[in-house]
Amino acid sequence: MFITIEGCEGAGKTSAIQIIQEFLKTQNISCLTTREPGGTTFGTTLRSLLLSKNTEYIPPYTELFLYLADRHHHVHTVIKPALQQGYIVVCDRFIDSTIAYQGYARGLPLDTIEQLNMIATEGLLPDYTFFLDVDPCIGLERARRRSLIDSVSQEESRFENEELVFHQTLSRAYKLMAENVSRFITIDANNPVDVVKQEIIYHLQNIL
Ligand code: Z5A
């Protein structure tokens, strides 16, 4: 089974992955957690280029191709082999991030992104996508608070520094996908962590 986690900045994706990982462990289910960008050593180099607040201007198509290069390498060398070995793979961001960020927010054509996504994933689609639906203002506030105490988050703030309207567009894009794509499971991520946790586990129990 291949599960992806999606949402805007500060939605709680990292926290959700930990919740899923711990729950699967209690069920004795082998699971691999990973992320995009940066699920491989190769991808880590791309990640720092893509997320560093100090990176020079990246035109939207350059940005798209870098995310797709990271994805193809990740799918080919990590995700598919793990699925073939019977692991449940849980990935922090995947194809829907490209649709939301490079498609809706940067304005690149959605049909082009969908075609390129299919090439980058070698046709692999998630079985389920947990969408952590947070109000963009709340998510940004969480992310900014974390940046005050975490030097990695502070460095990786190229997207966090975008205007509020960029984050509102992302939020609308995710809601639209969640309404129209059946693999999406929406979690109200404005709630406190323990409520989010209960909701995630409830849905996990239903799909396992
Ligand atoms: N991107 C793209 O453009 N195109 C693509 O194809 C892909 C990605 C794959 C990747 O960064 C960036 O790349 C991303 C999209 C773009 N944009 N940015 N930035 P990322 O995914 O590594 O980073 P992120 O989206 O910014 O994630 P994040 O800020 O780390 O958020 P998170 O993982 O969703 O949240 P968290 O770390 O679990 O929580 C954030 C803070 O809030 C933390 O202090 C928590 O303790 C706290 N938190 C979490 N949940 C709660 C609740 N429920 N209540 C209160 N506080 C909470």
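This dialogue covers the pockets and cysteines of a predicted model.

Q: How much space lies in the largest pocket?
A: Rolling a probe the size of a water molecule over the atoms shows where empty space is left. Here the largest pocket holds about 1100 Å³ of space. Its lining counts 45 residues, and Gly10, Lys13, Thr14, Asp92 and Arg146 are the closest to the pocket's centre.

Q: Which element gives the largest share of that lining of the largest pocket?
A: Helix 1 does, with eight residues. Elements that give two or more residues include helix 1 (13-26), strand 2 (31-35), helix 3 (60-84) and helix 9 (193-207). By class, the lining of the largest pocket has 18 nonpolar, 13 polar and 14 charged residues.

Q: What lines the second largest pocket?
A: This pocket has about 220 Å³ of space. Of its 14 lining residues, Asp96, Ile99, Glu114, Val181 and Arg183 are the closest to the centre. Helix 4, helix 5 (110-120) and helix 8 (164-180) each give two or more residues to this lining. The lining of the second largest pocket divides into nine nonpolar, two polar and three charged residues.

Q: How many disulfides does the structure hold?
A: A disulfide is a covalent bond between the sulfur atoms of two cysteines. The structure holds zero of them. For Cys31, the nearest cysteine sulfur is that of Cys91, 12 Å away.

Q: Why is Cys137 too far from the closest cysteine sulfur for a bond?
A: The cut-off for a disulfide is 2.5 Å between sulfur atoms. The closest cysteine sulfur to that of Cys137 is in Cys8, 11 Å away, so the two are too far apart for a bond.

Q: Is Cys31 buried or exposed?
A: Buried means under 20% relative accessible area. Cys31 has 19% relative accessibility and therefore counts as buried. Cys137, at 43%, counts as partly exposed.

Methods:
Residues are numbered from 1 along each chain as its sequence is written. This is a predicted model: local features need pLDDT of at least 70, side-chain atom pairs count only at pLDDT 80 or more; totals for chains, interfaces and linings use all residues. Side-chain values use heavy atoms; hydrogens and water are left out. On a 1 Å grid over the protein atoms alone, a cavity is a set of points where a 1.4 Å probe fits but cannot get out, and a pocket is an open set with protein on both sides within 12 Å along at least five of seven lines; lining residues have an atom within 4 Å of a point. Grid points are joined across faces, edges and corners, and a volume is the space filled by probe spheres set on the points. Helices (H or I, at least four residues) and strands (E, at least two) are DSSP runs, numbered from the N terminus. Ala, Val, Leu, Ile, Met, Phe, Trp, Tyr, Cys and Pro count as nonpolar, Asp, Glu, Lys and Arg as charged, and the others, Gly among them, as polar. Buried means under 20% relative accessible area, exposed over 50%, partly exposed in between (1.4 Å probe, protein chains only).
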